[in-house]
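Thanks for coming, everyone. Have a look at this one with me, and keep the viewer open while I talk.

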Amino acid sequence: MRSPRDFLKPLCVGAPDPITEVPFPPSRMIHFFDASNEKMRAKLPDIAAKADIVLGNLEDAVPVDRKVAAREGLVTVGKEIDLGGTQLWTRINALDSPWCIDDLTTLVGEIGDKLDVIMVPKVEGPWDIHYIDRLLAQLEAKAGVKKPILVHAILETAQGVAHVDEIAAASPRMQGMSFGPADLAASRRMKTTRVGGGHPGYLSMSDPTLDADGQIDASVARVTAQQDPWHYSIARMVDACTTNGCLPFYGPFGDIKDVAACEAQFRAAFLLGCVGAWSLHPVQIDIAKKVFSPPVDEVLFAKKVLEAIPDGKGVHMIDGKMQDDATWKQCKVMVDLATMLSEKDPELKAAYGF
Ligand SMILES: CC(C)(COP(=O)(O)OP(=O)(O)OC[C@H]1O[C@@H](n2cnc3c(N)ncnc32)[C@H](O)[C@@H]1OP(=O)(O)O)[C@@H](O)C(=O)NCCC(=O)NCCSC(=O)C[C@](C)(O)C(=O)O
Ligand SMILES: [Mg+2]
């Protein structure tokens, strides 16, 4: 392990100083686009006006014969398209692929000053982050990049989940993590072909009704409820990220047409502490915006609590509910997020009454 005294020193002479605090601008959705697709590139200015983050995907979903075109398309985006204040990210190919090294050298060399975050797929442990960390420092120094490019890990193998705390703590570049339910399911031999969401087979069942002889009465229907198969891993990711000052995101929801289930999955992640989710299709941008902007009634109540208890101490009754030092902090989380989002979104600002 590196000495804590060296942790915030650049890993290459001439590389920018690492950051001490992860920036937290609006991050409700990471919108994926295929940079090899000229039509999708042409839509980017419109998409960027609606999305908080746009990400040029180079990894899975981009066919092998379009890997180079996707990389070059992203360079074109970085050089030619004005995205306003919207962040530009990329997902590079995996560390065990033959494309990863060229993804990094080309992107940092050509548009290193435009890229905010590099998402690294299939991170298995801190060693993967250490490799990227040093290489990025070398490439940043060579290209004269002024601001360190941050790193975002995707949690999508059983190993990755087992090492989630060490991954989050591996480098001051760690911006956050996303949850990758498809690869994670395959890695764990979970029996689902879905990308995120619940499953009708993963449920709990109410007890049976017994007849007069104490036998199970099969004629009486039993209530079942689907459970969330991702709860454990997402909660672990949230704790690991929060402990290390970086940001947790839910990942993709693959059933594009099932907007209700997408909203439910995103909301479960929001309630557990995630700051955003991926959007794979423009329709999911609006879902993420709705879900990851705190509800107006909750923000108004939280504001009321903060105003009523200026020092955040003691015990109080507000609208029939007990409030104390801890609930004050809960309200502060809600109001701080609403305040930050209001700076970008005048409609939200008006709704929250700021
Ligand atoms: C799902 C697909 C094929 C449906 O694409 P479609 O063309 O069939 O859909 P559509 O409804 O017909 O599209 C309507 C219009 O929207 C456009 N459009 C559609 N999508 C986008 C987009 N993202 N950005 C910008 N524009 C988009 C599309 O080009 C079309 O434009 P048009 O009306 O002018 O013809 C398409 O939306 C798509 O390719 N999305 C991105 C897929 C992707 O990036 N997948 C990888 C991430 S998930 C993952 O990797 C898993 C993970 C983490 O690794 C793990 O769990 O393990
Ligand atoms: Mg994956």
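Ground rules. This is a predicted model: local features need pLDDT of at least 70, side-chain atom pairs count only at pLDDT 80 or more, and totals for chains, interfaces and linings use all residues. Residues are numbered from 1 along each chain as its sequence is written, while chains are lettered from A and ligands numbered from 1 in the order in which they are written.

UniProt, in an unreviewed entry, lists residues 28-194 as "HpcH/HpaI aldolase/citrate lyase". UniProt positions are in the numbering used here, feature names are shortened, and annotations may be inferred rather than shown by experiment. Over residues 28-194 the chain is 44% helix and 19% strand. The end C-alpha atoms of that stretch are 23 Å apart. Helices (H or I, at least four residues) and strands (E, at least two) are DSSP runs, numbered from the N terminus.

Now the annotated site. Which residues does the "binding site" annotation cover? Glu156 and Asp183, again from the unreviewed UniProt entry. They are spread over 28 residues of sequence, yet the largest C-alpha distance is 5.3 Å.

Take Glu156. It sits in the loop between β5 (150-155) and α6 (158-162). Buried or exposed? Glu156 is buried, because 26 other C-beta atoms lie within 10 Å. The cut-offs: 20 or more other C-beta atoms within 10 Å is buried, 12 or fewer is exposed, in between is partly exposed, with C-beta atoms placed from the backbone.

Asp183 is in helix α8 (residues 181-188). It has 19 other C-beta atoms within 10 Å, so Asp183 is partly exposed. Leaving out residues up to four places away in sequence, Asp183 touches Lys122, Glu156 and Thr157. Contact means C-beta atoms, placed from the backbone, within 7 Å.

Next, ligand 1. Of the 23 residues around it, Phe32, Ala61, Gly180, Ala182 and Asp183 come nearest. To be near, a residue needs its C-beta atom, placed from the backbone, within 6 Å. β1 (29-34), α1 (38-42) and α8 each give two or more residues to that shell.

Last, the core. The largest nonpolar core has 78 residues. Such a core is a set of buried Ala, Val, Leu, Ile, Met, Phe, Trp, Tyr and Cys residues joined through C-beta atoms within 7 Å. Among those touching the most other members are Leu155 and Met237. Apart from that core lies another, of eleven residues, including Met334 and Leu341.

Notes. Contact = placed C-beta atoms within 7 Å.
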